[in-house]
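This report examines the hydrophobic cores, salt bridges and helix packing of one protein model. The sequence and structure are shown first.

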Amino acid sequence: MSAAAPASFEARPRRLARGEALVGLLLSLPAGIAYLLMLLLPSLATILLAFTDYELGALEWGWIGAANFGEMLEDRGFAVALRNTVIYVGFVTPLSILLGLGAALLIEAGIRGRALFRAVFFLPVVSLTVAMAAAWQYLLHPTIGPLNAFLRLLGVASPPFWLSSSDWVLLSLGAIGTWENIGYNMVLFLAGLSAIPRELYHAAEVDGTKTWLDRFRLVTWPMLGPTTLFVLTITMIRSIRVFDTVAVLTQGGPNKASEVLLHTMYKEGFTFMRLGYSAAITLVFLIMVLGLVWLQTKALDKRVHYG
């Protein structure tokens, strides 16, 4: 009996460990099923469709290998959409990061009405994109829009046709995209600023840094490194997947001057029913996003100070 007791004591931890593992598996099972059905399987289906000529609603399809990607290289519409997307991201990303950081610094400085400013800047994040796009359509209207009315008061005889001019439409969409991202970036930078120890600023003052610019250069900016890297990554991803404002305001026009990758992907798949070609564009889009994230991490992570 004395020999059986130690064996029972040794078996009890193993039974507890197996029970905990079973409970953990059961608790994670719903999330695993959701991940499989909503992310993994659609991604695999997209990869497979990219190598077929499948058309939406068709009962038959053929395996065509890399023909969709070859067509993509010769497709002028895809080249224009890619160029417009790169220009849009290059415009929106740095501007929204700088303005978001500036707004966060102003609010963190303790100005009066900081709660009001925080709510105003964050308003675009919680607003419906379609509703705000309709508001922008009115603001930028060439004849009755408040912006052009203000420009006429300033003496501009012929204000631009913001959304119907090939020269101005992408800039106008970029300004809207910047406005949408400022509040989100501001909140992220506010979180990063609140995490900086106040003792560092006191130590910097003792060392002789008197101006706010010196404090920002020597303390704030280095300590915001991890936050800035995260904001840069998120902003580029949010910018490269622009779709709502293009679909509501311009539909890619005029003359494809505002055509972007996601809108091209949508039209090929659900207007022209070429789901195979649309899946190929989707795959290229995903590779671009992953490549951008990888490049940013490799290039900037070593320069970031993690406190």
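Is Glu-268 buried or exposed? Glu-268 is buried, at a relative accessible area of 11%, where buried means under 20% relative accessible area, exposed over 50% and partly exposed in between, for a 1.4 Å probe and protein chains only.

## Basis of the analysis

The model is predicted: local features need pLDDT of at least 70 and side-chain atom pairs count only at pLDDT 80 or more, while totals for chains, interfaces and linings use all residues. Residues are numbered from 1 along each chain as its sequence is written, and side-chain values use heavy atoms, with hydrogens and water left out.

## Salt bridges

Four salt bridges are found in the whole structure, each a side-chain nitrogen of Lys or Arg within 4 Å of a carboxyl oxygen of Asp or Glu. One of them joins Arg-274 to Glu-71, with the closest N and O atoms 2.8 Å apart. Because Arg-274 lies in the loop between H12 and H13 and Glu-71 in helix H2 (residues 67–74), this pair ties together parts 203 residues apart in sequence. Helices here are DSSP runs (H or I, at least four residues), numbered from the N terminus.

Arg-274 also pairs with Glu-268, at 3.6 Å between the closest N and O atoms.

## Nonpolar cores

A nonpolar core is a set of buried Ala, Val, Leu, Ile, Met, Phe, Trp, Tyr and Cys residues joined through side-chain atoms within 4.5 Å. The largest has 36 residues, of which Met-72, Phe-78, Phe-189 and Phe-285 touch the most other members. Elements giving two or more residues to this core include helix H3 (76–108), helix H7 (169–194) and helix H13 (275–300).

Beyond its neighbours within four places in sequence, Phe-78 is in contact (heavy atoms within 4.5 Å) with Met-72, Leu-261, Tyr-277, Ile-281 and Val-284. A second, separate core of 16 residues includes Val-92, Ala-133, Trp-162 and Leu-163.

## Packing of H7 and H10

The axes of H7 and H10 lie 10 Å apart, at an angle of about 160°. Axes are lines fitted to C-alpha atoms over the stretch in contact, and angles run from 0 to 180 degrees between N-to-C directions. H7 is therefore roughly antiparallel to H10, a term for angles over 145 degrees. Residues making the contact include Tyr-184, Leu-188 and Phe-189 of H7 and Phe-230, Val-231 and Ile-234 of H10.

Conventions:
Parallel < 35°, antiparallel > 145°, perpendicular 65-115°, else oblique.
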